Every structure is written in structure tokens, then in C-alpha cells.
Amino acid sequence: MCQLLGMNCNTPTDVTFSFAGFAQRGGRTDHHADGWGIAFFEGRGLRHFVDHQPAAESPVADLIRRYPIQSRHVVAHIRKATQGEVALQNCHPFVRELWGRYWVFAHNGDLQDFDPRLHGSFHPVGSTDSERAFCWLMQELRKSHAGMPSVEELTITLRELTPRIARHGRFNFLLSNGDALWAHCSTNLYYVERQHPFAHAQLADEDLSVDFAQHTSPADKVAVVVTAPLTVDEQWTQFQPGELKVFVDGVALAS
């Protein structure tokens with residue numbers, strides 16, 4: 001099963017601490033060694049890195065661990081291939097444009113007999129079920145709205161569309177357009193909200209800890225979503241199967 005990592009904040013924040021532990025799951029502390037990727041929103045721009053090498057060994061991943069790129073919305077993925085060969089075009093997260101905005105998507109799971117009709121501008125480049133699902137979601141969102149809707153309207157539409165894919169198998173995913181982070185759970189997904197007063201945290205996958213109070217202001221708010229908890233001393237909240245949550249400015253909005 002692949003691994004997901006998402007971050008949503010109210011102010012640009014670097015993800016180096018969380019990513020340092022997350023990357024170890026790509027071939028070192030876990031067996032997800034079929035590629036990885038990460039995307040950072042910066043205003044309307046996007047930094048997007050993917051590599052078919054294991055994240056624990058990738059020189060590109062090492063760059064991300066050392067380079068504190070600051071962003072309010074981050075989506076990362078470590079791949080264990082179930083459909084599609086180990087190749088760069090099959091590495092998540094995937095990126096598409098809709099309504100003049102970048103959209104980023106990463107999926108953990110395995111969809112069976114999911115072969116939707118794609119008749120618009122969205123078609124897979126690779127051969128994964130994940131990219132097909134993303135293309136279909138983008139197609140249906142564009143059919144449902146004439147222009148960029150609000151976060152609330154998008155959430156309603158995604159709650160209608162997601163079960164139509166989820167019935168084909170495991171469909172844990174992260175989706176962001178730079179305004180919000182949507183997270184859907186089929187099997188395993190957790191989140192933590194970091195706010196003042198910030199505390200100390202110790203990674204589960206690496207001997208690394210941080211005192212967030214030394215790197216934040218009292219107004220900062222950060223939400224982190226992940227397949228399995230990254231730290232051993234924070235209170236992670238588990239999603240319920242079938243739950244779709246949306247995070248804005250570092251906080252999970254009420255369902």
C-alpha cells in the first residue's frame with residue numbers, strides 16, 4: 001500500500017521535518033520502493049518533483065529534506081506499484097490544470113474494473129488506476145461547475161463523486177488546488193493539527209526531533225495528513241472509512 005503525506009497551513013511553512021521521516025518509508029523503514037513525488041504550491045505557482053527511485057535513496061528526495069521550501073499546501077506520495085510499471089510517468093502526485101489553476105492529486109489504494117469514459121481534456125499519461133481516477137474527477141468537476149466554485153461547493157461535489165470511484169476498491173486520496181486540501185479515507189488515514197502552544201515532536205521513522213515552539217509564531221496553524229502517524233508523541237486523529245475532510249488555513253473544517 002502506498003503512503004500519503006499532505007500539509008495545509010495558514011502561513012508558508014516548510015515540510016522538511018515531516019518529509020524526513022516520511023521519506024524513510026520509501027525503502028528503508030517500509031517496502032514502498034517504486035517511486036515517490038512531492039508538490040508545493042507557491043501562490044499560483046507549483047514546484048513538482050517526482051522520481052522513480054526509492055525515496056530513501058533518491059538524490060532528489062535528499063534535496064527536499066535539506067531545502068526548506070515554504071508552502072501553504074503540500075502533497076507527497078511514496079509508491080508501491082499495484083497497477084502500472086515502475087516509471088516516472090506513473091509517480092504521484094499527478095498535476096492537471098482546471099479553471100486556470102493547478103490541481104494536485106495522490107492516491108493510495110487499488111481500484112478494480114475502473115475504466116471510465118474520458119471524453120474531455122483529461123487523459124492519463126501513465127498507466128495507473130490512480131491517474132485515471134484523477135482525470136475522471138477533473139472531468140466531472142468541470143462538468144459540474146462553469147467556473148471555479150467555492151471550497152464549500154467543491155466539497156459538496158467531491159462528496160457526490162468520490163463514492164462512485166471508491167466502490168471499485170481502496171481509494172485513499174489527497175487533492176489540492178492551492179486553496180484547500182481534501183483528504184478521503186477508505187482504509188487508513190490520520191491527521192494532526194499543530195497550533196499554539198506548540199510542543200516537541202519525535203519522528204517514528206528516524207532519530208530526529210523538533211521543538212516547534214522555536215520555529216513558529218503563536219498565530220501559526222498547521223495540519224498534517226498521513227497514511228500512518230509520523231511522530232510518536234503527538235495526538236493523531238484517525239479518519240473514519242468513507243470520510244472526506246477538507247483543510248483550510250491549517251484547520252479541518254466542520255463536516
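At what angle do the axes of helix H3 and helix H4 cross, and within what distance do they come? I looked this up in the model, which is a predicted one.

**Entry 1: helix pair.** I find that the axes of H3 (residues 129-144) and H4 (residues 151-166) cross at roughly 135° and come within 11 Å. The two helices are therefore oblique to each other. I note the crossing as right-handed. On the H3 side, the contact is made by Ala133, Trp136, Leu137, Glu140, Leu141 and Ser144; H4 contributes Leu154, Thr157, Leu158, Leu161, Arg164 and Ile165. By class, I record eight nonpolar, two polar and two charged residues in this contact.

**Entry 2: salt bridges.** I count nine salt bridges in the structure, and I inspected several of them.

Arg194 pairs with Glu234, with the closest N and O atoms 2.8 Å apart. Arg194 lies in strand E9 (residues 190-195) and Glu234 in the loop between strands E12 (221-226) and E13 (237-238), so this pair ties together parts that are 40 residues apart in sequence. I list Arg194 as buried at 8% relative accessible area, and Glu234 as buried at 19%.

For Arg65 and Asp62, I read an N to O distance of 3.4 Å. They are three residues apart in helix H2 (residues 59-66), which means a separation of about one helical turn. Asp62 is partly exposed, at 27% relative accessible area. I also note that a network of salt bridges links Asp62, Arg65 and Arg66.

Glu243 and Lys245 form a salt bridge, their closest N and O atoms being 3.5 Å apart. Here I record Glu243 as partly exposed at 21%, whereas Lys245 is buried at 10%.

Note on methods. Residues are numbered from 1 along each chain as its sequence is written. This is a predicted model: local features need pLDDT of at least 70, side-chain atom pairs count only at pLDDT 80 or more; totals for chains, interfaces and linings use all residues. Side-chain values use heavy atoms; hydrogens and water are left out. Axes are lines fitted to C-alpha atoms, for helices over the stretch in contact, and angles run from 0 to 180 degrees between N-to-C directions. Helices (H or I, at least four residues) and strands (E, at least two) are DSSP runs, numbered from the N terminus. Angles under 35 degrees count as roughly parallel, over 145 as roughly antiparallel, 65 to 115 as roughly perpendicular and the rest as oblique. A crossing is left-handed if the near helix is turned anticlockwise from the far one by less than a right angle, and right-handed if clockwise. Contact means heavy atoms within 4.5 Å. Ala, Val, Leu, Ile, Met, Phe, Trp, Tyr, Cys and Pro count as nonpolar, Asp, Glu, Lys and Arg as charged, and the others, Gly among them, as polar. A salt bridge is a side-chain nitrogen of Lys or Arg within 4 Å of a carboxyl oxygen of Asp or Glu. Buried means under 20% relative accessible area, exposed over 50%, partly exposed in between (1.4 Å probe, protein chains only).
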